[in-house]
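Hi everyone, thanks for coming. Let's take a look at the structure together, one piece at a time.

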Amino acid sequence: MNSLSFYQVHKSYSEIQVLRGLDLRVGEGEVYGFLGRNGAGKSTALRAVMGINRIDAGRIELFGEPVLASDPLPRRYVGYVAQEQHFYDWMTAPRAGRFVGSFYPDWDAQEFARLLARLEVPTDRRIRAFSGGMTAKLALALALAARPRLLVLDEPTAGMDAVARREFIDIVRAQAREDGRTTVFSSHLIDEVERAASQVGIIEAGVARFEGSLDALRGAVQQFHSSRALTGREPSAAITDLFGAAAARVTVLADETHDGTRTLTLETPPGLPPARPVFGWQPVALSLEDRFVALVGNSG
Amino acid sequence: MRAMIAKDLSANGLALGGLVLLTTLAMLAFIAQINLGRSVLSYLGTVTLFAGAPAIVLSLIVGHLFVSSEYLSHTQRFLEALPIRRTSILGAKFVSGLGALWLLGGIALGLGAYAARAEFLEPRFIALMSARLGVWLLFVWSVVFLISLLGRWRLACAAVLGVGYYLITLMSDFEFSRAPPQTLIDSNLFAFERHAWPWRDLGITLILSAAITALAMGLGRLRDGSFAEALARPLTTRARTFLGALVVVLTGVLVMLPEREDPVPFTFTGEAVSETTKVAISYHHPAYAARAEQLLAELTPFFEPLAKLLDSPPGFRLHITLNTDIEPWQYFTPRTDKVFGVDAQANFAGSEADWSLTTFVAFGVHQWLSAASNFRVTVEQRHWLTDGFSLWWAYHADQPAPPLDGPLEARLVEALFAVGRRGIKGDPLRYWDSTGDALGDDLAMAYGYLGWRVLQDAAGHDALLRLARAEFTRPEYGDVRDWLADQRHPLQDRVAQATGLEWSDLLARFRAAAARLRARDDYAQALARLPIPRSDIAAVDDALIYRLEFDAAPPPDVHCLALHDQTGRLAMPMARGALQEIELVARGRTGTDRLFEHRLTGEYGPGEHVYAAIECQFPYLRGGAQLLRRRVLMP
C-alpha cells in the first residue's frame, strides 16, 4: 500500500492553474524527494495533503484513505514541516511542544525532549530569539514527536546556510532510517535530494514530469556531444546511430551547438538498451542537477 | 479547542490582565466619584456607561489581540497545519474573545451591583441586567470579530460602520437607540426594568449575532482561509490611495450634510404674548383668543418672577401651542430646536375640570429649567432639585411657604403619601431615577417638593431662592466642561454653600420632618383616609387583568384608572400622557364593592410588551397616584 498517492489532482488560484492533473505515488518506508522549480506546485501539493488547501478535482490518498480538507483526523498521523515557520514567538520550545502535542494522539513528550536535546534546540529561550535553522529544527522535532506514519517536509531548509542545510538533511535521513518512516520532502536543491532520497518525483508546471529511483533518474537523461564533422546531421539520424531500433522511444530534450560542438540531451525511458558506441559521439557525464535541469529547464 | 483557548488566554494574559485592571480601576473611579458626590451617575448607571463606548473600545482591543494579530503575524498558518478544523480555530478565537469581554463586563456589573447593594437589588433584577449586558456584549463581539478578520482593512471598515450609523441616525427617522440590540443597554431600562424579560430584544440580538458570526466564519474559511490572510498583508499603494480617498469622501459627506428640517405642525392665526412674562401662547382659531389671554394672565404670577429670578436671556420664552387633539391633562414638548426656550403643546381650551393650572405650571417650570440648562438639571443627582422646585414654584412662586409644622396642607399629604410609598432609607434624593421610577411623575414631584420645604424651614426662604438661582443659572455647555465643573463643585457643596446645610444634615432633617409629620394626628388621619388598595396586574392568555382590592368600599371621591400602552422597545418611564386609560373605579359611584377587576382582552397580541399601571386619585392628592406599574410580556 502506498503511504501517499495523488490521482489527477487539480488546483487553481483564481485564474492560475497550479496543479494540472498531478499523479504521484509514495510507497511505504520510502524517503521521497519531491523536486521542482520554484512555482511548480510542490508546496500547493503538500499543503493539499495536509488539508490546508482544498483541491478542485482529483483525489489524494493517505494510507489508502482519501484526504478531505474538512476532516483533520488523517493529519494526526502526518508530521509536517512548512516552508516558513510561523511559531508563536513568545513560546519556548517546551511550551510549543505542550501546545502541539495536545492535538496528536501519539504524541511522545519524552521523544520530543530527546529530539530537542539531540538537535540542540534551546529549551530556555523564547522562539523569537531562535535563528532560522534553529526554528526549522524545532519544527522537525515537533513533527517527529507526534510519531507520524508520514513525515512531510516542504522545502524545510529554505533560508539555511550550507552547513545548517546539510546537518538538517542528515538528521532527516538518519531519522527515516532509524524509524523506517515514510518521508516526503520537497526541494529545488538537487544535492539535498541526492543526499537523502531513495525515490524522486519531479513536478513541472503542475504535472509529474518524472517519478522513480535516483538511479532511474540518472538513466533517464543522457547527453552526447559530437565532433565538428557531424554537426550538420539531423538529431534523428544521430539517435538512430546511438540507440538503433529503440530510437523511437527517445525524446530530444535539447539540441545545441556551441563553438562548433553539437550537444544532444536525450530523455531515455526505463528499459532502454545502453547507447551503442558511435564514432564521433561521446557520452557526457551528468550530475543529478544536470539531469533535473534538462528535464524541467524549459518550463516556466 | 481547549488547547486553543488556553493558548489564546496565555498569549494575551498580560494584555488581558491590563484590561481587567483598567476596567476595575475605571469602575472604582466612577464609584468613588459617586461616593464623593462628584458624579451625576447612579451606581448601576456606571454599568450602562461601561456598556457603551468603553465596551466597544475594549472589544476592538480584544479583537486585535485574539484575532487580528494572528493573521498579521501569520501564525494562523501554523495553526492550519495542525490536525484541527479551520472552523474550530475560528470558534476557539470567538469563544476566548467573548469570554474575555464577558469577564470585563462581569467585573463592571459586579462592581456596579456591589456598590448599589443598598438599592433593592433582587436576584431577578441582577439576572435581567446580566442577560442584557451579556447579550449586548455578544452582539458587539460578533461585529468586532467579523471586523477583526478584515486584517489591515479593519479600521477602515469600523470607520465606515461608525459613519454609516451616524448618517442613518441623522438622515432617517430610524432610531438605533429604540431598536435592538441597542435597547438592551438603554439607560432608562437597564438599571430600572426589574420585572419584564426583554425576550424580543434578546431574541433579535441573538439572531443578529448568530448571523454576523456565521458571516465571519464564512469569511475566515473563504478560499481555504487565504482571503482573510490576504487582507492581513501590508496594504499596496493602490489600497492606501483608496483608503485616503475614502477618508476624504466620508469627511466631505459629514461636513456637507444639510440639517434635517422639522415639519411645522400647525399654522397659527393668533398669539398672546407677554414679553415681561416671557410667555407666548399660539392658537389656530380666533375663538381661542380670549382663553389664551386668560391663560397668559394666569401664568404671569409664576413666570414673570421666575424669569427675573433666573435672569433669563432676552428672547427666551415659554411658547405654548394650543393642541385641541390632546386631553387637557396632556402636555408635551415636541422635539424641535426652532424655539429659543420651551416649545410646549397643551389643550388649555378643553374641559376646565380636567385642566390643572398648578400641574401645568409645574410642567412649564420643569421644561423651562431643562431647556435653559441643556437638560443638565435632569441628570440624576440634580433631578430632585428640579422636580421639587417645579412643584414648589407652581404652589408658591417667589413667596415663602408656611412652616412645615403649621396647619395641615393637602400638598404635604401628597408628599407624605409619596414618602410612605418610596420610604426614606438610603439617599432617595440622590438616587432619583429609582425614586422617580417607583413613584411616577406626580408623586416624585411631591416627594422632591417636601425636600424644598425642609430646606426652607432649615435655611430660610432667601437661602432657598439663592440655591435655586445658583443651581438653575449655572453656565451649562453640554460638553465636558459641565463634568469638570461638577468635579470642582459637587452638588452637595453647592447646596451647603447656598443654604449652609450639609448634605447629611439635610437628609437627617428630611427624614425627621417626614417621620414627624406622618406621626401627627391630622396627617395620620388624612393619610388613613386614603384607602390604599392591594393591586395587581397580570397577563393571562390574551387578557391583561387589573385587580384592585380595598379593605372596605372606597369613598365616592376615589377614582382609579387602569393605564396601558404598548411599550415595544420605547424607553422607560412611559410618558403619562401617552397611556390609554380604562376606568377601573368610577368617579362618584355608589355601592359596597371593594373588589374591582378589569380584563383587557384583544388589545395586545402574544409577544407584545405592554406597559401597564394603576393610578388612583385620592382626596388631598393633586394628581394621580401611581399604585403599581408593570412591564408585561403578553403570553
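In which sense do strand β1 (residues 2-13) of chain A and strand β4 (residues 57-62) of chain A pair? They pair in the antiparallel sense, over five bridges. Strands here are DSSP runs of E with at least two residues, helices are runs of H or I with at least four, and both are numbered from the N terminus; two strands pair if DSSP finds at least two bridges between them.

A quick word on the background. This is a predicted model, where local features need pLDDT of at least 70, side-chain atom pairs count only at pLDDT 80 or more, and totals for chains, interfaces and linings use all residues. Residues are numbered from 1 along each chain as its sequence is written, while chains are lettered from A and ligands numbered from 1 in the order in which they are written.

Now, how do the chains meet? 20 residues of chain A are in contact with 14 residues of chain B, contact meaning C-beta atoms, placed from the backbone, within 7 Å.

Finally, chain B: its secondary structure comes to 22 helices and twelve strands. Of its 635 residues, 39% count as buried, that is, with 20 or more other C-beta atoms within 10 Å of their own.

Terms used:
Buried ≥ 20, exposed ≤ 12 C-beta atoms within 10 Å, placed from the backbone. Contact = placed C-beta atoms within 7 Å.
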